[in-house]
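Please look over the model below before you read my points. They go from the ligands to the recorded sites, then to the strands.

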Amino acid sequence: MRAFQWSQLTDQQQAKLLARPAQSQSAELQQQVAAIIEAVASEGDAAVLRYTRQFDCENLSELRYSEAQIAERAAQLSADVKQAIDTAYETIRTFHLQQQPQDISVETAPGVVCTQRFEALTAVGLYIPGGTAVLPSTALMLGVPAQIANNPRRVLVSPPDSNGELSPALMYVAQKCGITEVYRCGGAQAIAALAVGTQTIAPVAKIFGPGNSYVTAAKQQVAQRSGGPAIDMPAGPSELLVIADDTANPAFVAADLLSQAEHGADSQVILVSPSAALISATQSALEQQLEVLPRAATARKALEQSSLIQADSLEQACEISQRYAPEHLSVQLDDAEQYLPQLTLAGSIFVGHYTPESGGDYATGTNHVLPTYGFARNYSSLGLLDFYRRYTTQTVSKQGLAQLSKAIITLAETEGLRAHARAVSIRLENQS
Ligand SMILES: NC(=O)c1ccc[n+]([C@@H]2O[C@H](COP(=O)([O-])OP(=O)(O)OC[C@H]3O[C@@H](n4cnc5c(N)ncnc54)[C@H](O)[C@@H]3O)[C@@H](O)[C@H]2O)c1
Ligand SMILES: N[C@H](CO)Cc1c[nH]c[nH+]1
Ligand SMILES: [Zn+2]
């Protein structure tokens, strides 16, 4: 991992350092995904099965798991993994339960009452990645809020292993979160099935979850189809930016950087510190820890597109972080809280020396589905509200309409929309 001194870099070099690793958005990938979506739209299950056999499991014949099959596989899970899932489930549920939306009713003028109401989406599709790692924790992050929102259809899809199965841990989470349908399919074909529907899979209103370039491209494409589903956010390869000073433990910092680097060769991790000593000690700790890391080869590739940045001050470190807008931001300073007002552009922030990023990946209670690629500037981290749609009502009394009529009629005439004005005046003419 290379080290740089921020103030000695040109604007162009600084921009390059904070650029994300190139994602495959190629025209070829987009066309391949478009072809998969069209095939699923015209052939249904046959196309989903064909692609799943091609990419994941040669002999797959059934897409759907029955309730009994889910229970049977969940029962195979060891007691200690069940216990760990139970603990994470409770903290995630506790945090998300506090996010319940509140309907409001407001009298905006005498005789004019407006309400804002929330309704759980009727059907949600939960994509759980399964290509490079099986992620039951992501199923918790999507399944728990869907269960609290009580979306009537909660549909989980994930690519099967080479035996055509989903893991017992995933099945246990599905059972615990009251997932109503589980299908063994992944990639663009699963996203297409959720969007357009097949003989087996009915379409959903909104698709959630992270995934690789094929999944992300498919989510973007189906959302643009006429009548297509809503999607949650662009959640791609993992990212972490750590701000640390001399009060930080270099072994902790290195462990955190590696925890996100091990996700994939396309992950990116950055350390920003005013301390040359901390940067150099972190570099040594990284090498030491890599020696015993099972996924060292993957992590090393991610580190090639990552950097250690020496800033002039902690203020400058905060400015760099705001410019990068990381998915995860770790602040390893004795007085971390003091810097939080300057650190707002991140998907989730890990405050202090004893808050590892992996805590949030699994069990602090926050949601680990977060905007990547700088989208933390304008997208929110996933929460309970994403599982609802909101709408408004207004009720106007005769007197209320009389009071507002001048404003409505004048504005309608200003816009040259006579029928709008007439809909008000006709009511006031016929008052008797
Ligand atoms: N941002 C977040 O919140 C978050 C959380 C968890 C995981 N992630 C990220 O999600 C990603 C998961 O990716 P993954 O690959 O492990 O699993 P995945 O489930 O997203 O993708 C696997 C699927 O990709 C499809 N595929 C593979 N090669 C293909 C090809 N050549 N043509 C067409 N389709 C093909 C197959 O259908 C396969 O089932 C990782 O980048 C990980 O870092 C992000
Ligand atoms: N760090 C990932 C989100 O970027 C989420 C995850 C799942 N399992 C472990 N980590
Ligand atoms: Zn992680």
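1. Start with ligand 2. Its shell holds Leu 135, Ser 137, Thr 138, Ser 238, Glu 327, Asp 361 and His 368. A residue is near a molecule if its C-beta atom, placed from the backbone, lies within 6 Å of it. By class, this shell has one nonpolar, four polar and two charged residues. Here Ala, Val, Leu, Ile, Met, Phe, Trp, Tyr, Cys and Pro count as nonpolar, Asp, Glu, Lys and Arg as charged, and the others, Gly among them, as polar.

2. A word on the source. This is a predicted model, where local features need pLDDT of at least 70 and side-chain atom pairs count only at pLDDT 80 or more, while totals for chains, interfaces and linings use all residues. Residues are numbered from 1 along each chain as its sequence is written, chains are lettered from A, and ligands are numbered from 1 in the order in which they are written.

3. Now ligand 1. Of the 30 residues around ligand 1, the nearest are Gly 131, Pro 159, Gly 187, Pro 210 and Gly 211. Helix H8 (187-196) and helix H9 (213-224) are the elements that give two or more residues to this shell. Helices (H or I, at least four residues) and strands (E, at least two) are DSSP runs, numbered from the N terminus. The shell around ligand 1 counts 13 nonpolar, 15 polar and two charged residues.

4. Domains come next. The assignment gives domain 1 (2-21 + 236-358), domain 2 (27-93 + 120-231) and domain 3 (397-429). The bounds come from an automatic or database domain assignment. Domain 1 and domain 2 each give at least three residues to the shell around ligand 1. The centres of domain 1 and domain 3, taken over C-alpha atoms, are 59 Å apart.

5. Check the record with care. An unreviewed UniProt entry lists "binding site" at Gln 260, His 263, Asp 361 and His 420. These positions do not all gather at one spot, because the farthest two C-alpha atoms are 56.3 Å apart. UniProt positions are given in the numbering used here, feature names are shortened, and annotations may be inferred rather than shown by experiment.

6. Is Gln 260 buried or exposed? Gln 260 counts as buried, with 27 C-beta neighbours inside 10 Å. The cut-offs: buried means 20 or more other C-beta atoms within 10 Å, exposed means 12 or fewer, and partly exposed lies in between, with C-beta atoms placed from the backbone. Gln 260 is in helix H10 (residues 250-261). Its contacts beyond four places in sequence include Ser 238 and His 328. Contact means C-beta atoms, placed from the backbone, within 7 Å.

7. His 328 sits in strand S13 (residues 328-332) and is buried, with 26 other C-beta atoms within 10 Å. Asp 361 belongs to helix H15 (residues 357-362) and counts as buried, with 21 such neighbours inside 10 Å. Beyond four places in sequence, Asp 361 touches Ser 137 and His 368. Glu 415 lies in the loop between helix H16 (398-414) and helix H17 (418-429). Glu 415 counts as exposed, because it has 10 C-beta neighbours inside 10 Å.

8. Last, a hairpin. Strand S3 (residues 104-109) and strand S4 (residues 112-120) run antiparallel, joined by five bridges. Two strands pair if DSSP finds at least two bridges between them. Ile 104 has Gln 116 as its bridge partner in S4. Two residues separate the strands, and Gly 111 in the turn has a positive phi of about 80°.

Technical notes: Two residues are in contact if their C-beta atoms, placed from the backbone, lie within 7 Å.
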